[in-house]
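Hi,

Here's the structure I promised to pass on. Have a look at it first, and my notes on what I found follow below.

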Amino acid sequence: MTDPETLDERPLDGQVAIVTGASRGIGHAIALRLARRGARVACVATRVANAEGTAGACAEHTDGARAFGVDVSDTGAVADLVGTVVKEMGGLNLLVNNAGITRDQLLLRMSEEDFDRVIGVNLKGSWNFIKASTKSLMKCRGRIVNITSVVGLIGSPGQSNYAASKAGVIGMTRSVAKELAGRGVCVNAIAPGFIDTDMTAALDEKARGDLLGSVPLKRMGTPDDVAAAVDFLAGPSGGYITGQTMVVDGGLSL
Ligand code: NAP
């Protein structure tokens with residue numbers, strides 16, 4: 001893992017980035033990493049107050065970080081938010097779709113509401129932001145990074161809703177990559193494995209132990225392990241990569 005303290009190159013100076021789910025966990029690490037690289041970051045969470053801590057941390061590294069609140073599954077509200085970012089922050093160069101939820105349950109017990117909500121936030125929420133951002137990204141040969149999950153590749157019992165949403169994000173990433181390649185916009189996904197955040201803290205001890213036992217690198221990932229992959233795809237290194245899913249899982253899916 002790169003020590004973020006050593007991130008002194010600023011290839012994203014002058015660029016505007018939206019990071020959803022930026023209040024905590026992986027999204028917080030991504031927003032901070034992009035700010036250290038020079039980007040002005042629009043930090044999005046369900047409520048503006050939830051994103052203010054991350055925006056404040058970003059503001060120590062870059063001018064113009066802002067906090068926003070929206071339910072990513074609300075198409076109209078997302079369009080309004082993206083319009084505000086473009087107008088008030090000076091355009092849009094990078095979109096990171098990271099907001100996500102789980103509502104785990106075995107298939108026979110899973111409610112329709114829990115299926116619809118997870119698809120609504122994880123899949124439709126990403127589509128909402130991509131749709132609202134595409135015109136701006138086409139103007140500057142921008143980038144999109146979608147945070148999916150290894151569960152979308154390999155499946156997981158009790159996560160039929162979550163796996164479907166994350167597999168959907170991978171298919172959407174490939175399709176949008178093909179649509180936007182002619183305009184120079186690179187669109188990729190990152191599939192984290194077992195990362196130490198609030199989302200995995202909710203698992204019981206046995207589930208955590210079992211999961212950890214199946215990671216060849218024998219540790220949980222950190223939010224910054226994922227942020228480093230976003231950094232790679234968002235910066236100059238990512239200029240000839242599109243439609244791909246980068247797996248960041250310590251070998252879990254092998
Ligand atoms: P987390 O700690 O639970 O944080 C979730 C973030 O998403 C929060 O910022 C939350 O905002 C935001 N969010 C949730 N629902 C939202 C909604 N309807 N509208 C707007 N924002 C919403 O999660 P995490 O572990 O950092 O996960 C981040 C992403 O990585 C997710 O897409 C997740 O599926 C994916 N992922 C995680 C792991 C893992 O092991 N942790 C593994 C693979 C993939 P509030 O604070 O306002 O609620």
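A quick word on naming: helices (H or I, at least four residues) and strands (E, at least two) are DSSP runs, numbered from the N terminus. This is a predicted model, where local features need pLDDT of at least 70, side-chain atom pairs count only at pLDDT 80 or more, and totals for chains, interfaces and linings use all residues. Residues are numbered from 1 along each chain as its sequence is written, and side-chain values use heavy atoms, with hydrogens and water left out.

Helix H7 gives the most to the shell around it, with three residues. The elements that give two or more residues are H1 (25-36), H4 (112-139), H6 (160-180) and H7 (198-201). By class, the shell has 14 nonpolar, 12 polar and five charged residues (Ala, Val, Leu, Ile, Met, Phe, Trp, Tyr, Cys and Pro count as nonpolar, Asp, Glu, Lys and Arg as charged, and the others, Gly among them, as polar). Of the 31 residues around the ligand, Ser23, Thr46, Asn98, Tyr162 and Thr197 come nearest (near means a heavy atom within 4 Å).

- 2.7 Å from a backbone N or O atom of Asn98
- 2.8 Å from an N or O atom in the side chain of Lys166
- 2.9 Å from a polar backbone atom of Ile26

Taken alone, the ligand exposes 900 Å², and the protein buries 93% of that (Shrake-Rupley areas with a 1.4 Å probe).

Now the sheet. Seven strands form an open, parallel sheet in the order S3-S2-S1-S4-S5-S6-S7 (strands pair if DSSP finds at least two bridges between them). S3 (66-69) and S7 (245-248) are at the edges with a single partner strand each, so one side of each has no neighbour in the sheet. The twist averages 20° from one strand to the next. S1 (16-20) and S4 (94-97) pair over three bridges, and Val19 stands opposite Val96 in S4. Helix H3 (75-89) packs on the sheet, touching S1, S2 (40-45) and S3, and its direction makes about 165° with that of S3 (axes are lines fitted to C-alpha atoms, for helices over the stretch in contact, with angles from 0 to 180 degrees between N-to-C directions; contact means heavy atoms within 4.5 Å).

Cheers

Conventions:
A polar contact is a pair of N or O atoms within 3.5 Å; within protein, one must be able to donate a hydrogen and the other to accept it, and residues adjacent in sequence count only if both atoms are side-chain atoms.
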